Amino acid sequence: PGGEFAQTELFQAKTYGNDLSRTQVTNNPDNDSQPALAFKPGGGGELAFIRDNGFGNEPTHSNLRLATASGATGTWVGRQFAAIGINTSPSIDTTPGTGGHTYLAWLRNGQVFESDDRSGSFLSRAFVSDALSTSIDVSGGETHVAWGQVDDGTVLAERLGSGGWTKATVYPAASRLDPIVLSVDGRATVLMASATRIYKRTQLS
């Protein structure tokens, strides 16, 4: 039956390559939600999403899944990516070409995690945080992850190449929308919102 807490599935439609009308992507007794989409290195798409059993209550499991589609077929093959804890709020980015890589960020029990396959397999990194959302973007050899702290400011973490991570608070007040990070040539811009306006902070170098 329908209703506010009815079970949810994912659907797709596209207009690039071969057009694809609305089709169902997932079919599972649990909820599938919070989709995040990116181009697949070498062609196709990658989809990160959450599968949980909440149905209006606190879920007992909430797993991060990663699915891939080759070419422009719209046919997805998925797998479980993270199952420990309550996983939420995924974001995804990729670098282009056949030698490109996939970068994921998400929350596990409110803590920010990042994982990528630059080494040939996915390796994860946890940040000290109590967050509401994640946003990840990669350019110019630099990886950027932004998040809004619970009842606090917006944080940006940055890694150059395979080096270590640094992080800083880019704005001390809580954002009214989930912060979004976008980067060009390794230079990040974080979008946030107050009660009256949308604003940004951009790295000087």
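Which residue in β12 is the bridge partner of valine 138? In β12, valine 138 has threonine 143 as its bridge partner.

## Basis of the model

This is a predicted model; local features need pLDDT of at least 70, side-chain atom pairs count only at pLDDT 80 or more, and totals for chains, interfaces and linings use all residues. Residues are numbered from 1 along each chain as its sequence is written, and side-chain values use heavy atoms, with hydrogens and water left out.

## The sheet from β11 to β14

Strands here are DSSP runs (E, at least two residues), numbered from the N terminus. Two strands pair if DSSP finds at least two bridges between them. Four strands build an open sheet in the order β11-β12-β13-β14, with antiparallel pairing. β11 and β14 (165–171) are at the edges with a single partner strand each, so one side of each has no neighbour in the sheet. The twist from one strand to the next averages 20°. For such angles, axes are lines fitted to C-alpha atoms, and the angles run from 0 to 180 degrees between N-to-C directions.

β11 and β12 run antiparallel and are joined by 5 bridges. Aspartate 137 stands opposite histidine 144 in β12. The hairpin of these strands has 2 residues between them, and glycine 140 there takes a positive phi near 55°. In β11, Ser135, Asp137 and Ser139 point one way. Ile136 and Val138 point the other way.

## The sheet from β7 to β10

A further open sheet has 4 strands in the order β7-β8-β9-β10, with antiparallel pairing. β7 and β10 stand at its edges, each with a single partner strand, so one side of each is left without a neighbour in the sheet. Neighbouring strands are turned by 20° against each other on average, direction ignored.

Strand β8 (residues 102–108) and strand β9 (residues 111–116) run antiparallel, joined by 6 bridges. Leucine 104 has serine 115 as its bridge partner in β9.

## Aromatic pairs and charges over rings

The structure holds 6 aromatic pairs. Rings of Phe, Tyr and Trp (its six-membered ring) pair if their centres lie within 6.5 Å; planes under 30 degrees apart count as stacked, over 60 as edge-to-face and the rest as tilted. Tryptophan 106 and phenylalanine 113 are stacked, 5.7 Å centre to centre with 25° between the planes. Tryptophan 106 is buried at 1% relative accessibility. Phenylalanine 113 is buried too, at 11%. The rings of phenylalanine 127 and tryptophan 147 make a tilted pair, with centres 5.4 Å apart and planes at 45°. Phenylalanine 127 lies in the loop between β10 (123–126) and β11 (135–139), and tryptophan 147 in strand β12 (residues 142–148), so this pair ties together parts 20 residues apart in sequence. Both residues are buried. Ring pairs also link Phe81, Trp106, Phe113 and Phe122 into a cluster.

Two arginines sit over rings. The criterion is NZ of Lys or CZ of Arg within 6 Å of the ring centre and within 35 degrees of the ring normal. Arginine 108 lies over the face of phenylalanine 113, 4.5 Å from the ring centre. The charged end of arginine 22 sits over the ring of phenylalanine 11, 4.1 Å from its centre.

## The largest pocket

A pocket is an open set of points on a 1 Å grid over the protein atoms alone, where a 1.4 Å probe fits, with protein on both sides within 12 Å along at least five of seven lines; lining residues have an atom within 4 Å of a point. The largest pocket has a volume of about 320 Å³, taken as the space filled by probe spheres set on the points, which are joined across faces, edges and corners. It has 21 lining residues, and the closest to its centre are Gln12, Ala13, Tyr16, Leu37 and Trp76. β1 (11–14), β3 (31–39) and β4 (45–52) each supply at least two lining residues. β3 gives the most, with 5 residues.

Most residues other than glycine have a negative phi. Glutamine 34 has a positive phi near 55°. Its place is in strand β3, and glutamine 34 is partly exposed at 32% relative accessible area. Serine 89 also has a positive phi, of about 55°. Serine 89 is in strand β7 (residues 87–94) and counts as buried at 13% relative accessibility.

Key: Buried means under 20% relative accessible area, exposed over 50%, partly exposed in between (1.4 Å probe, protein chains only).
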